[in-house]
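This report describes selected helices and their surroundings. The sequence and structure are shown first.

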Amino acid sequence: MLETVRYLIGSVGGSGFGSKSTGEEVTAAAPDLRCITAIITGATSGIGTETARVLAMRGARLVLPTRSLKTADEVKARIVAEIPDAEVILLPLDLSSLSSVRCFVSRFLALHLPLNLLINNAGRMVYEHAVSEDGVEMTFATNFLGHFLLTKLLLNKMAETAREMGIQGRIVNVSSHVHSWFSGDCLSYLDRITRKQIPYDATRAYALSKLANILHTKELAERLKQMGANVTANCVHPGVVRTRLNRDREGFVTDLAFFLVTKLVKTMPQAAATTCYVATHPRLVGVSGRYFADCNEASPSPLASRPHEAAQLWRASQSMTATDLDRTPSGLEPQLASDRPDEEK
């Protein structure tokens, strides 16, 4: 109850910011971002667009992956109209396709740009059962697995950039409080909904994908530490906001529900604040593996806090995204105890 009251009145936390803070406000203390290159997925609408606008305003070079170049061109035009000096690069990417992720990374690396900041923001809720071209339930494939592979393939570039520029790299995974709605065995449930062995529940599938984002962040932070890479990984809950995720279902009931919870819904500048804070604020140098909400550190669900679950998901994700060329671990994929089969531990 107390947390709800604090949320409603916008009470600030230890960071000096709260639920009513905006992206522009939380980046006011950020260092000059003109030397920063940022990849932001899902930047053609909603929270992603506002995040991109704010970072461009602070000077960052933007690389925006997109399924629709036409839509991305419109977003780029709006950003450049407001910020004439903004540098915005558009590259095609369909996160539900692992081959598309690999093509995007190849195109990006061919540009020979640094990479300081990776914001895995894109998300979707699939209301009818669908399976990706790689044989994975579509919500999980898009919200988590595509981002897992994207991050994996860009780790070398991020570590190299941090080393050469002397600026700590940051990875920000956008999750949701909805992750706490999932309980049970993650991988077993994913297998059963992919194979249609149980009725498809769009909300639970979405909750699973957002839980996976947090578990990924926890394990990634540990691996980055073991690698000695000057890169951090954190995840955020942006808050309740009406985006394309829920606009896909228009109608009286949806509109009435949002009317009734108007006081709980954030504006887009407020919804982008936590992502912008975690991506740029100097207070978070060296902070990794944490979960943030309303621009302050928060506690995820008990399931999201289990190291064994995170390690198990990592191993399964490695298997789902691996090609023959990936079988041998690289210098940035150290063999942790969690990589060995359970019977070897």
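## Helix α13

In helix α13, the buried residues (under 20% relative accessible area, with exposed over 50% and partly exposed in between, for a 1.4 Å probe and protein chains only) are Glu309, Ala310, Ala311, Leu313, Trp314, Ala316, Ser317, Gln318 and Thr321. These buried residues pack against α5 (98-110), α6 (138-165), α7 (186-194) and α8 (202-227). Helices here are DSSP runs (H or I, at least four residues), as strands are (E, at least two), numbered from the N terminus.

The helix α13 covers residues 307-321, 15 residues in total, and spans 21 Å from first to last C-alpha, close to the expected 21 Å at 1.5 Å a residue. The expected span is 1.5 Å times one less than the number of residues.

## Basis of the model

The model is predicted: local features need pLDDT of at least 70 and side-chain atom pairs pLDDT 80 or more, whereas totals for chains, interfaces and linings use all residues. Residues are numbered from 1 along each chain as its sequence is written, and side-chain values use heavy atoms, with hydrogens and water left out.

## Helix α3

Helix α3 (residues 46-57) has twelve residues and reaches 17 Å between its end C-alpha atoms, close to the expected 16 Å. Ten of the twelve residues are buried, so α3 is largely enclosed by the rest of the structure. Among them are Glu50, Thr51 and Arg53. Just after α3, glycine 59 adopts a positive phi of about 105°.

## Threonine 275

Threonine 275 lies in helix α12 (residues 273-280) and is buried, with a relative accessible area of 1%. Beyond its neighbours within four places in sequence, threonine 275 is in contact (heavy atoms within 4.5 Å) with Thr51, Ile119, Val172, Val174 and Val236. Thr51 is also one of the buried residues of α3.
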